[in-house]
Amino acid sequence: MNKTLRKLMTLAAPSVAALMLFAAVASAHVTVAPAESSTGAWETYTLKVPSEKDIATVQVDLRIPEGAEFKQYEATPGWNVTIEGNKVSWTATGEGIQAGQFQRFYFTAKNPDAAGDIAWNAYQHYADGSLVQWSGEEGSETPHSVTSIVQSSGNGDSHSHGSADTGDHDSMSMDEHKAIVEDLDKSSGTSPLLYIALGISLLSFLLAAISLLRGRKE
């Protein structure tokens, strides 16, 4: 019995390792949240940047989608911000985002007046000079984030997720930060690919176990 158990554990190890590797890769994307907002709204967006490599991320460039209008950003300690046309860049003044860490950057943009999807292309620079372009379509290895802009039910300009007019506030409150984090958690759910990988791993393990048990009976 112990010998059989050891064989089952040996068979299961590769499947578990593959699943864990897939989950880490699938969840380590540069993302922009929320995933849905309304037309014409001044939305406070959250750019989340994980460092996937063993070296630090030292710069992130974000392209503001066509039809959206960048309005303001919140200062992040250890990072400088430059704006050139539709490109917003966060550049580290210190060590940057270390391996195993992530950083959130907050900014406000006015959404397009027309409903539809907008794509956020991001470019992640590492300390060794390498670049990862998060500008691919959904399902690619380096997909960009997409926000669905839905038709607003209100009249005139609206403000979303605690964002405020530039004439009234220079930064966000802690309550607004908490609302942003909650939105991020809601909009960054588990990818369907992770469930597919889990199913394949479990199926492979079951088939291997059945084969082993049949071999014992024969």
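Colleague: With the side chain of which residue does the side chain of K110 make a polar contact?

Modeller: The model is a predicted one. A polar contact requires a pair of N or O atoms within 3.5 Å. For the side chain of K110, such a contact is found at 3.3 Å, and the partner is the side chain of D113.

Colleague: What is the distance between the closest N and O atoms in the salt bridge of D113 with K110?

Modeller: A salt bridge calls for a side-chain nitrogen of Lys or Arg within 4 Å of a carboxyl oxygen of Asp or Glu. D113 and K110 form such a bridge, and their closest N and O atoms are separated by 3.3 Å.

Colleague: Does K110 count as buried or exposed?

Modeller: The term buried applies under 20% relative accessible area. K110, found in strand 8 (residues 102-110), has a relative accessibility of 14% and therefore counts as buried.

Colleague: Is D113 buried or exposed?

Modeller: A residue is called exposed over 50% relative accessible area. The relative accessibility of D113 is 58%, so D113 counts as exposed.

Colleague: How many salt bridges does the structure hold?

Modeller: One of them joins D113 to K110. Another brings together the side chains of E69 and K71, at 3.0 Å from N to O. The number of salt bridges in the structure is 2.

Methods: Residues numbered from 1 in each chain as written. Predicted model: local features only at pLDDT ≥ 70, side-chain atom pairs only at ≥ 80, totals over all residues. Heavy atoms only, no water. Buried < 20%, exposed > 50% of the residue type's maximum accessible area, 1.4 Å probe, protein only. Helix = DSSP H or I, 4+ residues; strand = E, 2+ residues; numbered from the N terminus. Polar contact = N/O pair within 3.5 Å; in protein donor to acceptor, adjacent residues only side chain to side chain.
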